[in-house]
Every structure is written in C-alpha cells, then in structure tokens.
Amino acid sequence: MCPYKLFTLLCVVLVNMHQTRGQPPVVNTRCGPIEGISKDGAFSFRGIPFAKPPVGSLRWKAPVPVDCWTGTLNAHSFGESCYQPSLANISVHWGSEDCLFVNVWTPNTSPNARLSVMVWIHGGMNEYMSGNWPRYSPTEKLAKYTNIVYVSMNYRLHALGYMALDLISQSSPTGTSGNYGLMDQILALQWVQRHVRYFGGDPKKVTVFGQSSGGTNIFALLASKMAVGLFQKAWMSSASPILDKTLVEASRDNLVFLRNTGCSDLDCLLRMSPGAITRAVPWDVFPNWSMMDLTDLPMKGEAVGALPIIDGYVLKQEPMKAWLNGDGIDVPLMIGTTAQEIDFLPAPLDVPIWTWDQYDKYVYDKLSTFGVDVAQAALKFYPRGIISPEYQFTTMATDIRMTCPTEILSMTAALSYTSPVYRYVVKSWPSKPTYVIGFPFPASYAFHCWEFLAFFDSIKHNIDNPSQSDISFQENVQRTMLSFVKDEEPDSCWAPYSQSTAILTNRITYVRNYKPRECQFWSQKGFFKFGWFGEEMWIKVLCVVAFSVLLNTCRAENPRVTTDCGDFEGVENDGAYSFRGIPFAEPPLGELRWKAPVPFTGNCTDVFDARNFGEACYQPHPLDTDGFFGSEDCLFVNVWTPTLDPTAKLPVMVWIHGGYNAFLSGSWPDYMPKEKVAYDTNVVYVSMNYRLHAFGFMALDLISESSPTNTSGNYGLMDQIEALKWVQKKISYFGGDPNKVTIIGQSSGGTDAYALLASKLAEGLFVNVWMSSGSPVLSKTTAEASEDNLFFLNNTGCTTLACLKSLPPENITRAIPWFSFPNWAMEDMVPLPKSDEAIGALPVVDGYVLEDEPRKAWKRYKNDVPILIGSTAQELDFSPQADIVNWTWTRYNEEVKAKLSTFSDYVAETALLLYPAGEISPEYQYTTMCTDVRVNCALDIISMEAALNFRSPIYRYVTTAWPSKPTSVVGFPFQAKYAFHCIDFLAYFDTLRNTINPLSPSDIKFQRNIRKAVLSFVRNGKPSARWGQFEETTVLLSERIEFVDGYNVRECQFWLNNGFYNYSWIN
C-alpha cells in the first residue's frame, strides 16, 4: 500500500477511535458542521432540517430548501413529527407543522468511506408516524452491523401533506395542488445526494426502501421525472398498487373538507390551526380518510379516498402506465408483501374468538353484496377448518387487498424494466402473538410490516426471548435484503419475477407464482379496485398484464383459440399455451415445388388439432449428409402465448431458425421458444418452417423460364414472408398485436432477417429486427447462381422442369454439389479461409424478392425499423476442428500460417501478432481469429451501413459470455468452452440449462442480461437507457454489460483492409 493511502486510512481510523472515546462526532457539510451522538459503535445525526418549516404562507406549497446555519448544528435529538392524529384516538392530534427533518445513522463518518446508503420512507397510510418511530426505523446498532449509512425523513402527512383543492391550485405556480408529502420526500432525496458523502455514504449507491404507504410513495417516485437520478435501487413492501385519482377528481371529493372548514378563500385556510384543518377532514363519509375499510373484506360500492394523486406535476400519469410507456425510473426493484397483512388490525377485532360458523356468515354477508356466487366461491377457495378463522379471514382479505394487486404491479414492472425485479411473500409467523408498533391487536400470523421489524432488529422488542424460528427469519430478511442493496442480487438462487417468487420464513423457498387460482378469481370478479388506498380500477393494466397471462389455473380441457377460420386446439404447459403445426401455406409438392407459397385454404369448420409440431422441411441430417429426413409438406407455424385473451395485444416475436438455410426447423429441440419463455416474458412467440436447401433456394434458368416473375430461388424467403403475413392476419386471436411484431433470427435466420430488411415484399410485416450471427455477404445474382447450379442439374440427369419436379426429394438432395463448388455443405465456413476458396450463397439477388444486395439496396429502399445486431466472440467454437482441444501453441502457429500464407506471408505474420500464442488457449485464440474474419468484422460493416442509411436506431452487441461448463450446441458433438455460436439465443430461450445443469450464477446473470436487453428492445425500441446507437457504442454481453467504443477495432481494420470481407460467413 502506498504511504499516502496508508496515512489516509490511519487518519480515518484515528478519527473514528477519537469519536468513539467520548467526543461527540462532528461532520463538516456544505452547509456547516453538524454534531451528532455516538452509540453502539456507530453515530447518529438527528433532526437535521432539509427544508424551511412549511408554515404560514408555505403551507400547501412545494418545500423550500433550508438556509445554511452559522456555528455547529446540534443534531443530538430527533425533530418534531409531522402533525397527525393519534393512532389510538383520531380526535387527539400531536406533532408540528415544523417537521421537515432528516436523520442519519452511520458506522463511518469518513467522506472517503463511500458506503451504500439506504433511505427509509416510513409508512402509516400517509397520515401517521415519522422517520424515527420507535422500533420502526434504523438505529446505530443496525448501521454498525450492516455497515450501511441509513437516512430517514419526516414528510408532511394527511391533509397538510396531500390536500388537493382548486382553491390551492389557483395560487400555485404549477396550477396544481396535493402531493406535498411526495415533494418533501424528493427534496430529502436531493439532500441525500448533496450531503450523504459527508456522513460516509456514496450518493451513487442509494437504495430507497419503504413499507406500507412508504412503499406506495416509492411506487409513485418510480414514475416521477422529479426523482430521476436520486436513487439506484428500490425496495417497496406492502404498497398500494392503485394510484390513479386525478387532481380534478380529488379536488371535487375534497369539497366536503372545504365545507367543513367554513372557508371560501385560501387566506382563511392558511390562518386555520393544524388541529382545525385535521378535524375538518371527512373521516366517516367519502372520501373516508380514516381508511378503516382497508383491513376488512370489501363491500360493493364502498371505497376510500386516495391521498397521493395524478397531479400533472409530480405525477403526470398513473405509475403503472408510466412504467409501460417507458417513463418509469428503471432501477433494480424488490417488491414484497406478507401473507396475512391485515392481521395487525383486522376490522372485526373479535376475529380471534370466532367460530367457523361466524367466519362463514361474516364472509357471506360481506361478499354476497357482489353476488351470491362470489361469496360461495370465496368460501371454497378459503374453506373452514384450515388453521383458524382468523388465519383464513386475514389471508382472504390480504389476497384481495394486497397480494393479488401486487402480482399485477410486479408483472407490470417486470414487463417494463430492463433492471431485475424481485418478488417475495412473507409467510413467517411470530412465535408469540405480538402488538405491532402501537396498534392494540395481537397479531398471530404474517402481519403487515413483520419483515421490517426483522430488518430493523426489532423482533426482540416485540417478543420476549424470540424463538430460533424468529431469529432465522430475521437473519434471512437481513441477509437477502443487504445482498440486494450491495450486490443487486438477493440470493444466487433467487431469480427475477416472474421466474420465481421467494417465500420468506425461517428458510427461503421459491415458487413459480403465488396464489394463482385465488388471484385469477379475484381479478376476474373485478376486485383489483379494492386494493389498498384506491378508488378506480385501471382496466387496461388488467388487459395487458391479464391474470390469464400471469396466473393460469389448471384446465381439464385443452386450450382453444377461435379464429376467422375455425378453432385451434393446443397444449398448456408451464403456465402458457402452444399451438403447433398450423399450416400457413399449401404443401409445396408436385407442381408447387419451386414456386412461391400459396396461402393455406383449409376447412374452417373443423377444430384443428394443433397439439403436435408439423414435419420439418426435407433436409440432410446436419451430421450425416448421406442421411435425410423431413418432408416437402412442411410449411407450418407454431405459436406460444401466455394468454388466450384476443384483446391482450402483447408484443410478438417471430423466430426464423438458423442452420445454413439447409438444416433444422422452427421446432428444433433447445433452439426455439417454449411455453415457459412465453410465460416468463409475457410475449407471444411464433416460429415457422420454411423450405431449405435445394427446395428452398435452387436458382436455375430452367425454373425461371416457367415463373411468372421470370426468376428462381429464394423460395425459403418467400415462405418466411408468407408466414409473416399469416402473423399479421391471425396473431391477434392468440393475444398478440400485429403492430408489435419483431422478427428474430440467428445464424442463417439472421441472414434471412438481413435480406427481409431489403425486400419490398416484407414491407409493413414487422416493426423491429433482432439478427445475430448472420452472413453479411448476399450478393450472388440469379444468373450467377443458375450458372453455378448447372453442376446440380447435370447430376440429376434432367433436361426439363417436369423431370426435376418428378424426382423424389432424396434424389434432389443427393444431386447437390456438397464438396465441389458451390459447396452446399458449407464445410469451409469453420476454419480460417484460404485464398480464392469460397462457397455459394443460397439466397440470391433475384430481382423479385431481392432487387439488390441488401446493404446496397438500403440506399434506395429498406424496411426502416430499429435493428439489434449481435454476434459472439468465439462463434466457431461450436464446431471447430475436432482435435483443436489438443493443439499446442506450435500447432496453432502452423495452422494459421498454412491457411493465411495463401494470401501472403505478411497476412499470416500480422495475424499472429494480433492474436499471439500464449493467451488463454490455442482453441480460444484460433476461434477468436476465425470469428473476427468470418463474422464480427463484417457485421460491423453491415452495422455501419445500416446506421448510415436507416433513420431508425441501430444497436450492436458482441456476446463475450463463456458457459460455466463445456457444452454441446443443438446436436453438434463438440464441447464448446467459449462464447460460441448461438449462446445468446440459448440463453434467451432458457435452454442453456438443458446442457448445463445447474446453471452457475454467471450463467444466470448472462441470461438475465440478454433477456432484459432484448425485451426492452422489443417493447421500447431500445435495449436500455444507457445503450447508445452504433457506431458510438458496442455492448459486450456477459454476466455484466460493458459499453465500449468498438470491438477488436485494430483487428477488424486489418482484416477489412486486406480484403477478407468476401470470406465472411455465407448463409
């Protein structure tokens, strides 16, 4: 360690030792010194003002930052709580309007400590409590134990914090009123950004955390432009997901308050005492500020008034709508609830002594107001005889009020955010009934705020001699939440929502989703609007996030979709549905061989059995070109959907499979979407078969002469276009939106996507393209290909088209020139090239599907949509020379020289300088070099051409992730160690786990990163907020995301300057 750093560290240690030996700690801030107290091995600074007192003319105005002080500020004592009714008796009021203070607890006052910061936003229905409420706020001991800086705040409450009235709006510079409590929180967070480093905290490591209305306020802050940049993570628990009342609606509702005051002007209101203001609030008539109905089962027609509102200033739109529109603050998010929230103070206080008959009657009396069928069904979902009436009642009310609305909130966040979203449910019970932070009811089950008592180390204050179960629960909460704050991931096994929900007790378990049947029932019956602290239901969220997507129940029958051409019967798996083997074109047999596809015209009256995949298109076996399989009757699409709701309008991703345009299919195992992917991502997926090889791409004058377009070839591309037309016409029946179609393709599927971007026949069929590891070389004309393919024609022995069409498919395939030009076997594509060796392309510039080479055509015509262009760093590692794993560095040098010296000795020698021996392994260096030659450098050229010619954004990434274990790729026998061809799509499709079991944390993080980026691109046209367009930014994707100016720039300049673009991958 250098002497300077050692001296600095010694000074910090000595300062802290000095402060703990009796001298009160003092920190020097930009506003002056502040003196705190030392306790339990840490320090606290209490009652620091962050705003001027909001009294007199500042009542019902945005908070004004406090003026700096002279001398040393004494921060030994907490400031006054904000004015509020008593929890025990609303007719009793306490606190002060002069209440805007922050409190800081820190284990280290060195400005160089740069510790993580957690900012606590307290709960209490936005009406009660404070930032230093006993047992419900941080402490010095917690700061010492967790090595985190904690900040809490007071914010205006109740009528003084949330009063919306036209009378107030008219005098406001923003023309709004209400949400003063939220503005206080934002100003406190701004104070943290400016000052927390003086207390040892890092303003770039701020996590906001809040429970109950504190969680609701975080929900609001996540949708407020005013809070951008003020925090980097958020933990919200037991929050209301309903925040949709407008300023106009709230102002109208609050006329009851205005009448109660007897005032007719603002001056009168400003002169009133805070007690008179609070007494004028309508407690027992709408808008029911008392909130008592929220710990009970709802009754039809009863609702309470919201406090935070959509005012057009702090909140411009409902938070969930803002998230879906891409206007949310995209940070890692933790969302929690407890299983029996209302057990802290259930409305029927006698519930602990209920009989089961009393339970049945109470539930029936309440819920039969919605219909007898609702009450009867509820009693079947929550039947008598399980644990106790109190348990069943508080569970049912919690599911209605909190659990099920929070599932919708969580799904909306997961759909909207590129950052991870985590979900937990607390099911731990206290070992003894306990009274919760001042409430008079003894809670027995997983009550509201139980996990925060655990996090704040307050269980011991509520339960004498906590049991081992209590202690283990507290340890689990603290461990996982601290891991989330410091490392982003709460636990290596905890996958983001909706892949898993964590169940927190004295141990941690994981479920796919929580209460699926119950939540679907309450949702379908319209109970979302009875979630905590809300009035109106945002129907659109239910349509988009629909519990038929999120929480599917088991069905006795197979799922069916009704279309304009009959019903399709599919399969249900993993919470979603698939419809397989749906024909989109007539079988291209006989006279239809080597013709454009003809749309399918089948029987529209029968139920179509879509439970099985159709035949793959006829092809050689990928590992044995003497073996053939498949059928010419192969033009099918497959659909995977998370919903059967035809109004859902979900994004659609259409998969074009790879395989050199010669192999594989749209249902190739481990290389296609599945129901689980549809469920996890809330996207509708479509895959297709298209004609391959000689059947899909044969160009011959003999065929062209009989074509109405006077062309031949590109039948596989025409099939893809016909399938995309099917998607436009039919996908809405399967829950997809035809106006939100992204085509995704890898390898030759990426090449085909590249071609479709330049085809006028594909106009209007998609709105985004994700293409990975495709060929940028697509320049051969029909005339050139026809001349090359005379070799094929001679092998068939045919001289007429009728003869060719009469040949069985195996004869067609055997006549192909595999290992002589044009080399349909593609063998030369894996190693380094030799000079003047090349293979023939399958797609061609035919003048019909493609009027020119795509990158040249783009100058005149293109389907101008956002494009995500990907590749991997060691593409060739999926199937290199089999003995490469045994190469020495000498063998590596020899292999490179043998190939590249055919170009020149200079090329070979320079290549070995750019990719020198001794780095990682010969396999790594060789496959990296081959990949740069064959894929990466040429794709940079394509990316540049697109960036120059498209108005839409172009994004570029290179996958640098290595599998945690060597793995074989979709049937190839070689065990890949590095960033191999298609690892990005195996990660996206969640099929890496089929060859790597279990996945390592790095595998999981990489999979999460690729999914988040792609889903953001699909939904918003951009992979993430930080991801810049090419060529300013190239992203390196692995378990982390790295932004660079370019990838292997020197190497690519060398290859391109020496004419290697023409040796890029074909097909």
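Helix α31 and helix α33 cross in a right-handed way (the near helix is turned clockwise from the far one by less than a right angle). This is a predicted model, where local features need pLDDT of at least 70, side-chain atom pairs count only at pLDDT 80 or more, and totals for chains, interfaces and linings use all residues. Residues are numbered from 1 along each chain as its sequence is written, and side-chain values use heavy atoms, with hydrogens and water left out.

**Helix pair**
- The axes of α31 (residues 889–900) and α33 (residues 922–949) come within 9 Å and cross at roughly 20°.
- The two helices are therefore roughly parallel to each other (angles under 35 degrees count as such).
- On α31, the contact (heavy atoms within 4.5 Å) is made by Trp889, Tyr892, Glu895, Val896 and Leu900.
- On α33, Pro922, Gln925, Tyr926 and Met929 take part.
- By class, this contact has seven nonpolar, one polar and one charged residues.

**Threonine 501**
- Threonine 501 is found in strand β17 (residues 501–504).
- Leaving aside neighbours within four places in sequence, its contacts include Arg423, Tyr424, Thr509 and Tyr514.

**A three-strand sheet**
- Three strands form an open, mixed sheet in the order β19-β20-β23.
- β19 (560–563) and β23 (608–609) stand at the edges, each with a single partner strand, so one side of each lacks a neighbour in the sheet.
- β20 (residues 566–569) and β23 pair in the parallel sense over two bridges (pairing needs at least two, as found by DSSP).
- Phenylalanine 568 stands opposite phenylalanine 608 in β23.

Note on methods. Axes fitted to C-alpha atoms, helices over the stretch in contact; angles between N-to-C directions. Helix = DSSP H or I, 4+ residues; strand = E, 2+ residues; numbered from the N terminus. Parallel < 35°, antiparallel > 145°, perpendicular 65-115°, else oblique. Nonpolar A, V, L, I, M, F, W, Y, C, P; charged D, E, K, R; others polar.
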